[in-house]
Amino acid sequence: MAVFGRPGPASAAGTGPCDIYASGGTPCVAAHSTVRALYGSYTGKLYQVRRSSDNATRDVGAVTAGGVADAAAQDSFCAGTSCVITWVYDQSGHGNNLGYQGPGGVGGSDTAANATSESLTVGGNRAYSLYINPRNSYWRDGHATGVPTGSAPEGMYMVTSGTHVNSGCCFDYGNSETSRKADGPGAMDAINFSTQCWFGGCSGNGPWVQADLEWGLYSGGSQSWNPNQRAFTSKFVTATLKNNGTTRFAIKGSNAQSGSLTTLYAGSLPGGYNPMKKQGAIILGSGGDCCNGNTNLSAGTFYEGAMVSGYPSDQTENAVQANITAAGYR
């Protein structure tokens, strides 16, 4: 896949989440969205669709620099047939493009997600989500292209949905195993958004923002349920995770249409996870030991997200949340 040059400073088109992260000293090493550009100056492609009638493919970009995806281009290309999303391109310039985990993709046993399952508007402009059902997932080995490994600090966010979830394993976005096997505590560092109650004792029905650190979904700093957890059931949800790799991590969530981030947990890493042992793959829509020989069981929606190098400040994360609410998800 082509690697595009790293975007420059935000232009008159505006400021995106990755401009904000860069200003905070924690630049994006992967930036993905089927909905909009995540840099104010980004003019490249966002994702690729493949139609069933002839297996032809088309890249879908933003309508303008820093703008919303060109849904009309997808509609024209897919008219009279069905389409799936085969690639979600990395906007950061690191080439961390996500391909579907299945034959014809990046290997594995899954399939590509339907490209027209859900439409929405962002800033009054129509776009399509990456609508993950069981047996849909995406992956990239990014250990040599900027994704933090070992105990290096990192942060991430995604905009997802509180209305399309299940308890299947595992709707994740973040750092995962290059082996696609469950390689032990600390081999993963990914946001999980689901109704999974991994260790039991959960309060309510979710869905919750949790951390998939491998060998467990953590609602807080231990296997006991974190009483500060809360469900996020709104149509659009912001979820964040940051982990300094040696001593602490933090989980936050919010409605993506309004309001500020709620800190669900900020404290010590669970026992056995210090230091972290991240491998540097990127997973979207499944757990780390999926889907090479088995299939994904989770359901969820992905609109946008990014991974960054370093431990983002609360101020930076708050500014990203403000940018998301200003984008006008509807």
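This is a predicted model: local features need pLDDT of at least 70, side-chain atom pairs count only at pLDDT 80 or more; totals for chains, interfaces and linings use all residues.

W215 counts as exposed, because its relative accessibility is 52% and the cut-off for exposed is over 50%. W215 sits in the loop between strand 14 and strand 15, the latter being residues 217–218. Its phi is near 60°, a positive value in a residue other than glycine. In general, most residues other than glycine have a negative phi.

R180 also has a positive phi, near 55°, and is likewise a residue other than glycine. Its place is the loop between strand 12 and strand 13. Is R180 buried or exposed? With a relative accessibility of 11%, R180 counts as buried.

Let me stay with the backbone and turn to peptide bonds. C170 belongs to the loop between strand 11, residues 154–160, and strand 12, residues 172–176. The bond from G206 to P207 is cis as well, with omega near 5°. P207 is placed in the loop between strand 13, residues 189–194, and strand 14, residues 208–212.

Next, the chain as a whole. It contains 3 helices and 21 strands. The C-alpha trace spans about 50 × 45 × 40 Å along its principal axes. Why may one call the radius of gyration consistent with a compact globule? For 330 residues, such a globule would have a radius of gyration near 20 Å, and the 18 Å of this chain agrees with that. Of the 330 residues, 57% are buried. If we take contacts between residues at least 6 apart in sequence, 71% of them join residues at least 24 apart.

A word on annotation. An unreviewed UniProt entry lists residues 17–329 as "domain: Alpha-L-arabinofuranosidase B catalytic". Over residues 17–329, the chain is 9% helix and 33% strand.

I now come to the interior. In soluble globular proteins, nonpolar side chains tend to be buried together. Here the largest nonpolar core has 74 residues. Which of its residues touch the most other members? They are V49, L130, Y138 and Y329. Leaving aside residues up to four places away in sequence, V49 touches a set of residues including A56, V60, F77, C78, V84, I85 and A115. T57, R58, Q74 and T86 are also among the residues that V49 touches.

One polar detail deserves mention. K45 is located in strand 2, which covers residues 45–51. At 14% relative accessibility, K45 counts as buried. Its side chain makes a polar contact with the side chain of D59, at 3.4 Å.

Finally, the disulfides. A disulfide is a covalent bond between the sulfur atoms of two cysteines. How many disulfides does the model contain? The count comes to 5. With bonded cysteines counted along the chain, they follow the pattern 1-2, 3-4, 5-6, 7-8, 9-10. I shall describe three of these links.

One of them joins C18 and C28, whose sulfur atoms are 2.1 Å apart. This link is left-handed, with -95° about the S-S bond. C18 lies in helix 1, residues 17–23, and C28 in strand 1, residues 28–33, so the pair ties together parts that are 10 residues apart in sequence. Both C18 and C28 are buried.

Another disulfide joins C197 to C202, with a sulfur-to-sulfur distance of 2.0 Å. The link of C197 and C202 is right-handed, with 105° about the S-S bond. C197 counts as partly exposed at 33% relative accessibility, and C202 counts as partly exposed at 22%.

A further disulfide joins C290 to C291, at 1.7 Å from sulfur to sulfur. The link of C290 and C291 is right-handed, with 90° about the S-S bond. C290 counts as buried at 3% relative accessibility, and C291 is buried with a relative accessible area of 0%.

That concludes my presentation. Thank you for your attention.

Note on methods: Residues are numbered from 1 along each chain as its sequence is written. Side-chain values use heavy atoms; hydrogens and water are left out. UniProt positions are given in the numbering used here, feature names are shortened, and annotations may be inferred rather than shown by experiment. Helices (H or I, at least four residues) and strands (E, at least two) are DSSP runs, numbered from the N terminus. A nonpolar core is a set of buried Ala, Val, Leu, Ile, Met, Phe, Trp, Tyr and Cys residues joined through side-chain atoms within 4.5 Å. Buried means under 20% relative accessible area, exposed over 50%, partly exposed in between (1.4 Å probe, protein chains only). Contact means heavy atoms within 4.5 Å. A disulfide is a pair of cysteine sulfur atoms within 2.5 Å. A polar contact is a pair of N or O atoms within 3.5 Å; within protein, one must be able to donate a hydrogen and the other to accept it, and residues adjacent in sequence count only if both atoms are side-chain atoms. The radius of gyration is taken over C-alpha atoms; the globule rule is 2.2 Å times the number of residues to the power 0.38.
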